[in-house]
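This report describes a protein structure for a reader who has the sequence and the coordinates at hand.

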Amino acid sequence: MASAAIVSSLRRRRSPSLEAFLAPVDLNEVALVRTLLTISMDLILSFSDRPWPFQRKNSRSLIRKIEVFLVLLEFLRDSNSTLPSAAVLCFKELYLLLYRSKILLDYCVQSSKLWLLLQNQSISGHFHDLNQEISTLLDVFPMKELELSEDIREQLELLQKQVRRGKLFIDKNDEGLRLRLFSFLDDFGSGGIPDPVELQLFFVDRLEIRDAKSCRAEIEFLEEQIYGHEGDVEPNVAVLNGLVALTRYCRFLLFGFEDSEVEMSIGIKMPRKGLITQEIGDTFITVPQDFCCPISWDVMRDPVIISTGQTYDRTSILRWMEEGHCSCPKTGQMLAHPRLVPNRALRNLITQWCTAYGINLDPPDSPDNAVEIFAAALPTKATIEANKATAALLVHQLANGSQGAKTVAAREIRLLAKTGKENRAYIAEAGAIPHLLRLLSSPNSVAQENSVTAMLNLSIHDKNKSRIMDEEGCLGLIVKVLIFGHTTEARENAAATLFSLSSVHDYKKRIADECGAVEALAGLLRDGTPRGRKDAVTALFNLSTHTDNCARMVEAGAVTALVGALGTEGVAEEAAGALALIVRRPIGAEAVGKEETAVAGLLGMMRCGTPRGKENAVAALLELCRSGGTATTERVLKAPALAGLLQTLLFTGTKRARRKAASLARVFQRCENAPLHFGGLGVGYAFARNSTTNTDASFSSEVSMQMPISVPVL
């Protein structure tokens with residue numbers, strides 16, 4: 001039935017009641033008439049005096065039809081006459097028609113003006129379908145079997161003739177506005193910019209969108225449609241993204257930075273909803289481990305299979321090979337050949353997962369890759385040009401506006417920078433980073449929070465990482481926000497920014513050497529919120545992958561914080577992974593060995609942790625014994641439950657955990673005064689092939705990372 005599409009669309013706004021789909025079965029004749037009478041009166045009272053921005057004629061025509069039925073129902077209620085069975089069946093069908101009419105009228109009232117324009121033809125079709133169903137109902141309605149008054153009979157017969165002659169009505173004015181809306185997109189698509197006078201005439205005079213608040217409501221409604229898009233609804237997501245970009249541009253072009261909005265931005269956060277306004281840092285999404293590249297720990301954009309059968313992100317494994325490695329990072333096996341085979345099945349799964357969680361996943365940059373599965377999400381030229389024009393307006397305001405207006409501009413840049421690498425690139429190219437840099441030291445907490453989060457979102461684009469790091473004083477100010485930020489979210493987002501920047505190997509040393517950076521991350525790991533701890537531990541893990549940072553991590557107290565985090569849910573795995581990297585250096589092993597709770601914490605994770613946590617814990621103990629010297633090895637060896645835990649891992653752990661447990665057991669067996677016995681089982685079987693000379697350079701690939709992803713990342 002055509003009305004099903006209405007119900008489907010409305011379900012994204014508010015679920016209709018069950019009565020919309022089921023006719024009443026337990027009502028007698030009197031109760032059925034009274035129920036229909038109540039529904040009809042409610043519909044007429046609710047919608048008869050409403051100002052309809054669009055679908056005026058169709059809506060009012062439907063209400064007039066309901067008024068005729070109301071007159072009939074009032075007569076039957078007052079007459080107390082018995083209804084024939086055919087009439088009862090017709091009234092049950094009328095019950096469904098009235099509810100579907102309510103759904104359609106509610107849809108027209110609740111939807112935004114732009115959405116009504118976009119759906120003009122479709123909604124007109126729904127009104128026509130209802131008209132046809134009313135015609136069918138009247139054709140079978142037993143008027144002759146009812147003792148109706150002459151005037152009521154004449155009204156019903158007149159209505160019957162009208163609905164029989166009824167044709168699909170599409171308002172020409174509404175349709176003209178719809179086509180005009182698309183013409184503005186065409187202007188952007190052709191590389192131009194629509195005439196501001198025409199935009200003013202269209203949005204303000206024709207659509208009566210007269211302020212920034214109304215414009216923002218239009219944007220949020222369209223974003224909801226993007227988020228809830230079901231694939232069979234027109235227009236498609238690419239067009240909707242273009243219209244969002246156009247409307248956002250008009251918001252700032254036509255209404256600027258209103259005083260009311262400036263006042264709201266000073267010390268007050270605005271609650272926001274919708275796809276684009278979902279804040280990355282508001283929640284952590286646990287990314288399935290199989291979706292993350294074992295090298296970069298990020299969600300794979302272009303997973304490829306190498307000769308050993310392992311899957312990596314194309315960019316990461318190519319960088320690994322370019323550095324001269326001829327082995328598999330995960331297994332250590334030599335590569336039989338350098339060919340990379342696209343893992344399309346995994347890429348489809350990743351895309352489906354990202355779509356389900358509303359996550360923007362940028363397509364691969366390489367032109368050689370098949371990116372057909374991302375085609376639907378690629379922005380159109382109109383979207384790109386409209387967002388580019390908006391970015392220019394925002395950066396201009398960021399540079400020349402009042403303090404309050406700069407705060408608003410920073411917030412909008414923060415949001416715009418979450419919608420794809422094109423926007424991040426254009427915002428940075430327009431010169432936003434130096435102006436955001438100045439707001440990092442603002443006494444206004446909202447301005448500081450928006451600017452550091454905007455910086456975080458911009459840093460997701462690889463080219464912007466160098467722009468941020470090359471901007472004089474930028475890194476230092478980000479660290480100051482991490483230490484002295486006015487709000488918890490500002491400090492957490494500063495930590496996340498450092499994590500993002502530290503994904504570039506050359507920047508890890510610079511970040512660690514920045515005064516107070518590692519100390520602040522360690523403090524956030526100790527005392528922060530769950531999300532703050534996650535930001536801090538991921539940043540510390542990244543920094544620990546640079547061997548030259550070991551002494552700095554020890555000096556700044558990061559080791560103590562990481563050991564303390566071993567018992568904290570949500571960050572223990574990463575903490576153990578970072579410790580395993582730190583103890584590879586003698587100075588790191590010495591520092592970890594001095595921590596009284598380090599061995600106990602790692603053993604606790606081996607006992608109760610997740611499979612990946614157990615891997616990290618046994619790997620950390622193994623590296624501690626290799627680099628910590630005899631005294632440290634003996635200290636680990638004397639741990640009471642270690643033998644049993646190793647034996648359990650040898651039989652029940654993951655493949656990597658079994659391999660590392662076997663290696664650790666061999667280390668202990670070589671200690672002359674401390675032989676270990678595993679119930680008569682030797683440890684020299686298949687899992688014990690790692691020698692002590694193998695530094696297990698691939699360990700970092702085994703660390704589980706829960707990435708903070710926001711509809712784009714923050």
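**Overall content**

The model is predicted, not experimental. The protein contains 33 helices and 3 strands. It has 714 residues, of which 55% count as buried. Taking contacts between residues at least 6 apart in sequence, 74% join residues at least 24 apart.

**Helices H8 and H9**

Two packed helices are described by the angle between their axes and the distance between the axes. For helix H8 (residues 172-189) and helix H9 (residues 196-206), the axes come within 11 Å and cross at roughly 140 degrees. The crossing of H8 and H9 is left-handed.

**Helix H30**

Helix H30 spans residues 598-608, and its buried residues are Ala598, Val599, Gly601, Leu602, Leu603, Met605 and Met606. Which helices cover the buried residues of H30? Among them are helix H27 (558-564), helix H28 (572-582), helix H29 (586-594), helix H31 (611-637) and helix H32 (642-652).

| Residue | Relative accessibility | Class |
|---|---|---|
| Cysteine 108 | 3% | buried |
| Cysteine 474 | 0% | buried |
| Glutamate 489 | 15% | buried |
| Alanine 558 | 0% | buried |

Why does glutamate 489 count as buried? Its relative accessibility is 15%, and the class applies because buried means under 20% relative accessible area. Glutamate 489 sits in helix H22 (residues 488-501). The side chain of glutamate 489 forms a polar contact of 2.8 Å with the side chain of arginine 414.

Alanine 558 belongs to helix H27, one of the helices covering the buried residues of H30. Leaving aside residues up to four places away in sequence, alanine 558 touches Val518, Ala522, Leu540 and Met553. With valine 518, the separation along the chain is 40 residues, while the C-alpha atoms of alanine 558 and valine 518 are 6.8 Å apart.

As for the cysteines, how many disulfides does a search of the whole structure find? The search finds 0 disulfides. Cysteine 108 is buried at 3% relative accessibility, and cysteine 474 is buried with a relative accessible area of 0%.

Terms used:
Residues are numbered from 1 along each chain as its sequence is written. This is a predicted model: local features need pLDDT of at least 70, side-chain atom pairs count only at pLDDT 80 or more; totals for chains, interfaces and linings use all residues. Side-chain values use heavy atoms; hydrogens and water are left out. Axes are lines fitted to C-alpha atoms, for helices over the stretch in contact, and angles run from 0 to 180 degrees between N-to-C directions. Helices (H or I, at least four residues) and strands (E, at least two) are DSSP runs, numbered from the N terminus. A crossing is left-handed if the near helix is turned anticlockwise from the far one by less than a right angle, and right-handed if clockwise. Buried means under 20% relative accessible area, exposed over 50%, partly exposed in between (1.4 Å probe, protein chains only). A polar contact is a pair of N or O atoms within 3.5 Å; within protein, one must be able to donate a hydrogen and the other to accept it, and residues adjacent in sequence count only if both atoms are side-chain atoms. Contact means heavy atoms within 4.5 Å. A disulfide is a pair of cysteine sulfur atoms within 2.5 Å.
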